[in-house]
Amino acid sequence: MVVGFGTSSEITGKNRQDSQLASATDFEQVHQRLADNFKDLQDPRGKQGVLHPFISIVMIALLATIGGATGWEDIETYGVSHHRWLSSFLQLPFGIPSADTYRRLFERISPKEFEHSFNSWLNSLVIDLGAQVIPIDGKTLKGSYDRNQEQSALHMVSAWASKHRLFLGQVKVDDKSNEITAIPALLELLNISGCIITIDAMGTQHEIASLIHKKGADYIFALKANHPTLFQDVKQWFENATVNNFDGIEFSYDLRVESAHHRKEKRQIWAVSIEQMGGLYKQSQWSGLQTIVKVVRTRQLWNKTTQEVMFYLSSLPADAQKIGFAIRQHWSIENQLHWVLDVTFNEDACRIRKENSPENFALLKRWSINFLNKETNYKRSIRQKAKRASMDEEYMLKILQASIPLHSNSSQV
């Protein structure tokens with residue numbers, strides 16, 4: 001036997017044991033900090049036949065979803081795979097709950113209380129949103145449609161902090177309503193003072209503009225044919241101004257050219273103060289309105305060239321560069337939230353659809369994206385981060401520590 005071999009093994013084993021002990025201590029802190037956010041979340045189960053602690057079920061579901069779980073069976077598999085580790089900081093007297101246990105519980109948890117738990121966690125980050133762009137947009141959970149129960153697909157309206165890449169909140173659109181009623185409810189939940197709210201044409205409404213302005217924020221609304229008279233007024237004014245080369249008109253102009261993915265895009269932006277336009281149809285009903293914007297996007301592909309013309313209403317001063325940047329940022333909710341939900345979490349294919357479970361599981365996924373985005377040391381996609389988190393308990397700790405700072409310091413990934 002090589003001299004010193006046994007001693008080296010003992011030292012290595014001791015270091016590993018110390019590392020595992022430190023990790024267990026950190027996870028106990030993580031568990032306690034997360035559990036604090038669920039203190040007002042009511043256990044909907046009765047007293048009889050309850051085997052698994054409520055918080056343990058919720059915690060495993062959240063950790064599994066951070067690891068990319070897309071359904072109840074995935075959550076059970078995650079729990080079984082990490083049973084020994086989970087037992088070090090969770091109460092699991094009867095082992096890992098079954099898939100049906102998660103399903104039944106999340107069908108009955110109050111979505112409002114669950115959203116409150118999420119907001120408690122989000123507020124604990126002490127995020128100063130500042131003057132950033134907050135896109136608001138809707139997404140349909142196609143798999144939640146149930147023909148036999150005559151249940152339409154769940155439609156959620158979400159808010160996204162573009163600078164911090166964080167999901168801020170969601171509101172369900174009622175079956176007999178639309179985004180026009182859900183957007184004000186979502187805005188009431190958020191502290192948007194100083195921010196720029198961007199909304200597509202569905203949310204271009206007088207009441208929503210008034211609410212945003214009242215809360216100390218600015219807005220950029222897409223203007224389309226759902227406001228036919230105003231749309232035609234704006235379109236005709238810009239056509240006349242273009243023919244006359246904007247002679248005698250003060251305006252702000254910005255030009256951007258970008259090339260990516262075998263595509264070249266040119267964006268031209270004109271921002272004109274409403275004072276320059278001589279009065280528009282019922283313009284006084286748009287609280288805080290200052291600027292009308294025209295955007296022309298010309299895309300050159302390998303086989304064709306396309307052009308799109310869009311108009312916008314804004315409470316911001318006529319600064320084409322600033323407004324153009326904010327309009328561009330609106331697409332971050334599609335690229336960084338909705339696309340990730342469909343590609344990484346298979347949301348469109350998800351068949352969870354009974355009672356409160358679609359809404360609650362939708363929040364689990366969005367909450368998980370926040371956790372994954374806050375960890376920035378591992379330079380990989382959300383999908384790869386989730387995969388690693390599902391297999392590597394140490395990396396899961398780093399993800400949680402990024403959003404729940406602990407007293408101990410972990411090494412860099």
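Hi everyone. Let me start with a definition: when I say contact, I mean heavy atoms within 4.5 Å. With that in hand, take the contacts in this chain between residues at least 6 apart in sequence: 64% of them join residues at least 24 apart. Please keep in mind that what you see is a predicted model.

First, the overall picture. The chain has 413 residues, and buried residues make up 48% of them. There are 14 helices and 9 strands. The accessible surface of the chain is about 21,000 Å², with 48% of that belonging to carbon and sulfur atoms.

Let's go to the strands. I'd like you to find β2, residues 154-161. How many of its residues are buried? The count is 8 of 8, so to speak a mostly covered strand. If you look along β2, Leu-154, Met-156, Ser-158 and Trp-160 point one way, while His-155, Val-157, Ala-159 and Ala-161 point the other way, and all are buried.

Strand β1, residues 133-141, runs antiparallel to β2, and 6 bridges join the two. Here you can pick out Asp-137, which stands opposite Ser-158 of β2. Strand β3, residues 166-172, is also joined to β2 by 6 bridges, and this pair is antiparallel too. On that side, Met-156 has Lys-172 in β3 as its bridge partner. The hairpin of β2 and β3 has 4 residues between the strands, and in it Arg-165 takes a positive phi near 55 degrees.

How far apart are Ser-332 and Pro-135 in sequence and in space? They are 197 residues apart in sequence, yet 7.7 Å apart from C-alpha to C-alpha. Ser-332 counts as buried because its relative accessibility is 6%, against a cut-off of under 20%. Its side chain also reaches the backbone oxygen of Gln-329, at 2.7 Å.

Is Ser-368 buried or exposed? Its relative accessibility is 0%, so it counts as buried. Its contacts, again not counting residues up to four places away, are Leu-62, Thr-65, Ile-66 and Phe-345. With Ile-66 there is something polar to see: a polar atom of the Ser-368 side chain lies 3.3 Å from the backbone nitrogen of Ile-66.

Ile-66 belongs to the range of helix α2, residues 54-66, which packs against helix α5, residues 99-108, at an angle of about 100 degrees, with the axes 11 Å apart. That makes α2 roughly perpendicular to α5. Between them, Phe-54, Ile-57, Val-58, Ile-60 and Ala-61 of α2 meet Thr-101, Tyr-102, Leu-105 and Phe-106 of α5.

To finish, one more helix pair. Helix α7, residues 179-189, and helix α8, residues 206-214, have axes that come within 10 Å and cross at roughly 5 degrees. α7 and α8 are therefore roughly parallel to each other. From α7 the residues involved are Ile-180, Ile-183, Pro-184, Leu-187 and Glu-188, and they meet Ile-208, Leu-211 and Ile-212 from α8.

Notes:
Residues numbered from 1 in each chain as written. Predicted model: local features only at pLDDT ≥ 70, side-chain atom pairs only at ≥ 80, totals over all residues. Heavy atoms only, no water. Buried < 20%, exposed > 50% of the residue type's maximum accessible area, 1.4 Å probe, protein only. Polar contact = N/O pair within 3.5 Å; in protein donor to acceptor, adjacent residues only side chain to side chain. Pairing = 2+ DSSP bridges. Areas by Shrake-Rupley, 256 points an atom, 1.4 Å probe, with all protein chains shown as cover. Axes fitted to C-alpha atoms, helices over the stretch in contact; angles between N-to-C directions. Parallel < 35°, antiparallel > 145°, perpendicular 65-115°, else oblique.
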